[in-house]
Amino acid sequence: MTDDILMDIKRDYVLSRIRAGERIDGRKFDEFRPISVQTGIIEKAEGSALVKLGNTQVVVGVKMQIGEPFPDTPDRGIIITNAELVPLASPTFEPGPPDENSIELARVVDRGIRESEAINLEKLCIEEGEQVWMVFIDIHALDDDGNLMDASAMAAIAALMNTVVPAERFEVGEDFPLPVQDLPISITSLVVDDKLLVDPCRDEMSVGSNLMTITSDREGRVVAMQKSGSYLLPEEKFYELLELSVAKAREIREAVESQIAKGGRNGEDEES
Amino acid sequence: MEKPKLIVDGKRLDGRGFEELRPIKIEAGVLKRADGSCYLEMGKNKIIAAVYGPREVHPRHLQDPSKAVIRYRYNMAPFSVEERKKPGPDRRSVEISKVSREALEPVIMKELFPRSGIDVFVEVLQADAGTRTACLNAASVALIDAGVAMRGMITAVAVAKVDGQLVLDPMKEEDNYGEADVPIAFLIRNGRIEAIALLQMDGRLTLEETRRAIELAKKGVMQIYKLQREAIMRKYMREGEDYEGSAEAAEVAKELSENEGGSEKEGGQSEQEVKE
């Protein structure tokens, strides 16, 4: 009960600030929280990254195995993306098999990577029709302070860029870096009345979870979209979101790249 | 497999133009036990939707004292696709169920049915691309058939990019080999498109193409919307004939068809009068 009242108070506060043209943490409507990317943090994984988006934290680990290709793509590697919203990351996450939220998270991140052709899957063929590399992307949420979607997508691509294919361990030649050829960036916005708030934090989500995620590639093409949440989106708002997200993705891509360039070292928080 | 040419001499593989829908058949009230139901064919897609409720919510703790709880289950029959699909929900159908439910939730007047549950079950009997949109079209008709108060109709269609060309309502081959797929659902009220209720996309589109895809979808849904309305009217004219008041039923139907403005809710109410 007290929770409900507190939520009501919080929601009213957040809404009144948004209507006054401000965000509760002082950010501009189109401003991300500080982004930090550390790569190579899990030695046992073929690639890994820890992304912090404000207080939101996600680890992604990439593991690779040899498997049989799908019959319709005999000469291509396989991507398998999974997300675990472990109970440690939020009081509302529960143990058990993945629920619809973690499935959606994994599938939207997967779409961004797959459709931008970020991984050159043809280079992951070992023997056509027989053996290909399987890339397992595992998203592990650590702290959900809002917008796990963008944090996970960033962590996934950062981990892939950090991945070395363990060919020697599987005795199929020499190790080589995973062929990554694009850097898709997803931008999630919260739609509140006629305002669009990029990278919503948890407290902002108390006004509702009217979200839209738009992922774009290096060329500024849209590669994935997902409207998430029970709400109706006016068409004009969608066009506004489209422009905003693709423009914002350019800026965030640069921030992520400069963080990755710093490598496995503990990257300092950087304003996006 | 080699990608076949999907557009030959300006026509699609099944002879359709770029902005042409597949043949659609919609019938409301096809199941006896369900409170509302609908059978829908869109090309080779065969969909059956049932609505149960408003009724008591079963695990009782799921009840909401202020509004109805909506549940949506998208399910594919094992025989609906070329290669047998393992029965039961997979990750894809969990995601589809989620976004479809989220499309219907703001349109159903949930506040009118506190503590109750409205279950929408959609079965794909045969799949040929665009099943999530076909299912939403069927679910929308089934909800109206069940007499659930709605703010308007949900009508959905997919747009794809194949051989560099945007096409409406892709079929399987176009979906498999296409460069992008955009399923989209709109709220249509009083014959006007009011908002986007569902939107997903995978593939690769420029900003301009994305905008054009939405425009193309809008053209498609207006045609489907007409067929959805007709299906509902047919059902109630049929029912009306069993009664003394068949003339009245016909009048209501006429009024509905003349007045594109008659909202779904009004339609539902007058239809209930006819039943009584």
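Helix H4 (residues 235-261) of chain A lies across S9, S10, S11 and S12 of chain A together with S11 of chain B. Its direction runs at about 140° to S9(A). Angles run from 0 to 180 degrees between N-to-C directions, with axes fitted to C-alpha atoms, for helices over the stretch in contact. Helices (H or I, at least four residues) and strands (E, at least two) are DSSP runs, numbered from the N terminus.

The model is predicted; local features need pLDDT of at least 70, side-chain atom pairs count only at pLDDT 80 or more, and totals for chains, interfaces and linings use all residues. Residues are numbered from 1 along each chain as its sequence is written, and chains are lettered from A and ligands numbered from 1 in the order in which they are written.

The open sheet has 8 strands, in the order S10(A)-S9(A)-S11(A)-S12(A)-S11(B)-S10(B)-S8(B)-S9(B), with antiparallel pairing. Pairing requires at least two DSSP bridges between two strands. S10 (195-198) of chain A and S9 (165-168) of chain B stand at the edges, each with a single partner strand, so one side of each lacks a neighbour in the sheet. Neighbouring strands are turned by 25° against each other on average, direction ignored.

Strand S12 (residues 222-228) of chain A pairs with S11(B) over 4 bridges, in the antiparallel sense. Here A:Val222 stands opposite B:Leu205. A:Val222 is also the bridge partner of A:Ser216. Strand S11 (residues 211-216) of chain A joins S12(A) through 6 bridges.

Between the chains, 25 residues of chain B contact 26 of chain A (C-beta atoms, placed from the backbone, within 7 Å). S11(B) gives the largest share of the chain B side, 11 residues.

Methods. Two residues are in contact if their C-beta atoms, placed from the backbone, lie within 7 Å.
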